[in-house]
Structures are given as structure tokens and as C-alpha cells.
Amino acid sequence: MSAGLHPRAAALVRALADGRFRSGTELARALGISRTAVWKHVERLAALGLEVHAVRGKGYRLARPLELLDAEAVRAAMPPTAARRLAALVVHDVVDSTSEWLRRQPGDGPAACLAECQTAGRGRRGRRWVSPFGAHLYLSLRWRFEASPTALAGLSVAAGVAVAEGLEACGAHGVGLKWPNDLVHGGAKLGGILIDVAGEESGPADAVVGVGVNVRMPAGAAAELDQPWTELAALPGPPDCSRNRLAGRVLGALVGALERFAAEGLAPFVDGWARRDAVAGHEVEVQGAGWTLRGRALGIDTGGALLLETGEGLRRVTAGEVSVRGWHEAAG
Ligand code: BTN
């Protein structure tokens, strides 16, 4: 684990990772600290969203066993060619945001950042991305494109298809895509993608693709969410919920997709989007800055824009927030 969590708190997480009770005395001895210090570290972990049960006479245990992220295990789950493309793959225990961290790093080689927990996880439209410790997938991938930033308009579509493929490789069935970059299942949000692009008008463009996927929602975190959500563990199957394997599959698919997008543009991804398009055929409302459009979603065009059949004819929407009529009632 890297800096961001007190080393003793990190050691405490490891000592409790198997989900079994450990007494305060046993933990204090193993960590070389007092029982009071153990309690303080437990409180710190709880503040990061980790559910720790404290039971008089038994000690402490995690609400459920925890598979900690491990860079080597993530690489091992990636196709070797994709793993070799990454100049760096860094795992943090606690970080402000995996995307912000990558944006601060010098260099321009492909690099990935994952974290157990984000203290300032960012969602679309300035929203906070709730990121409890060890519960979900929070990962970002930095990629340099020789093209200009405007040529990356369809990147969120390519990234959405790639993330869905990565989850499917772990046995997730029925993952849908909601334009522009939500992962959904049964009308509820499973994850989201946030892309930051920087660069000169004539290129190159540096993109950081940030991906958040709900794996197993802790009870405390659910209360903070303001829209219907779902989690991988609740999907039929259920899929393989090892976060290391999920991260490896998703990253592997993303690396392959970004390479292909750089060479061929959006065209190779349009069919993959259409197969998973969760809003096509539905009556939707699209909200932009100061405008609202209502109509029937008809899928995306070859530029990645949403096509909308409205009372005033066909509209091509390049930005906005989509809500689908009937979904919230069904999922909530
Ligand atoms: C959305 O609002 O749907 C997009 C959410 C994107 C969240 C991910 S988690 C990893 C990366 N780091 C961030 O701060 N945000 C993205």
C-alpha cells in the first residue's frame, strides 16, 4: 500500500482482511501499538467507509472479508499485450481521486491508477463519486492521443463499450450503456465514466479516463446516493466479484479500446454500443445547460451523438443528462 493511510491503519486492514474477529489485545501486540491506538485506527478506517464491527469480548472484524487491490494481481488479469503497454500501474490505499492523481503525474506514457478509497472522487457535472474503502472499483487510465482534443468527442462511447466488455469477461450479464457514459442494469446505475481531456487545439491530447463500478455497496454508503443504483454482486450469475480480476479485465479492455480508437476512431465501437444501448426506443428527457429536450431515443450516430426523435423532428444531441421515463419507478 502507498502513502495516504497511516501505515499502522494499513497494517490493521491487512490483519482484519479475512473477516474474522481479532481481539484488541492481539491486534495491539501484532501492530506494536496500544489498544487505544488500535481503536483510533479503527475509527479512521470507519471514516473512510470501511465497515468494522466492534463486539465486546470478541474484538474487531470487518463486516465482510476484503480482497485488497494488488498491482501484480491486476496485471496478471490483463491480456499480456495490454499489460505491457502500461508504463505504470499504481495502487493507492487512499487518494483524493485516481483521475486527479494521474493528471498531476509528469510524463505522457500510458499509466493506470487504482485506489481502495477516494476522498474526493469526482462524478459527472461536479457531483461527488461516493468511494468507500475496499468496496468498489475506482480506476483511471491516462492516454496520449496525437489527435486534437475535439477529435476525442466519441471517446466516452468507446470507453463505455470497453468497460462493459471487461465486466462481461467476468461473467456480468445484461450490462447496459446509457448515453453518454453510464453503465446500467435494470434501469439502475452500476457505474460511470468520466473523461478529462487536455491539450493544444492542434494536438496532442491527453485523456484521463476515470471509471467507477459498484461492486458491493456497504450499507452506510448507500444512504449517500441520490439515484437508483445497483451493484455487480446483485447481478444474475453472480459475476466474479474479485476486484483485482475485475480491474484487470476492465483495464485490459480499455487499453485495447483506446489503441483502436486512436487508429480507427469511433466506427469499430458503434455496433457494440447499439447492442448494449439501454435507452434506445425509450421516451427520454435530456437536460443541458438551460435547455430541455423530450423525445424518443433512437441510438447514437457515427460521431457518438444521441439521436432523438422529437415533436419538431430529429435532433442530434452532443451533451446533456438523460433521464428515461419509467426507470426511476422501476428501479427505485
Ligand atoms: C459519473 O458521474 O457517472 C462518472 C463517475 C466516475 C467515477 C470515477 S471513480 C475513478 C475516477 N476518479 C474519479 O474521481 N472519478 C472517476
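The structure is a predicted model, in which local features require a pLDDT of at least 70 and side-chain atom pairs count only at pLDDT 80 or more, while totals for chains, interfaces and linings use all residues. Residues are numbered from 1 along each chain as its sequence is written, and side-chain values use heavy atoms, with hydrogens and water left out.

Polar contacts are pairs of N or O atoms within 3.5 Å. In the side chain of S97, an N or O atom is 2.8 Å from an oxygen atom of the ligand, and a polar side-chain atom of T98 lies 3.1 Å from a ligand nitrogen atom. R122 instead places a backbone N or O atom 2.7 Å from an oxygen atom of the ligand. The protein buries 99% of the 420 Å² that the ligand exposes when taken alone, with accessible areas computed by the Shrake-Rupley method with a 1.4 Å probe.

Helices (H or I, at least four residues) and strands (E, at least two) are DSSP runs, numbered from the N terminus.

Five strands form an open antiparallel sheet in the order β13-β12-β11-β10-β14, where pairing requires at least two DSSP bridges between two strands. The edge strands, β13 (313–317) and β14 (321–324), each pair on one side only. Strand β10 (residues 283–288) pairs with β14 over 4 bridges, and V286 stands opposite V322 in β14.

Notes
A polar contact is a pair of N or O atoms within 3.5 Å; within protein, one must be able to donate a hydrogen and the other to accept it, and residues adjacent in sequence count only if both atoms are side-chain atoms.
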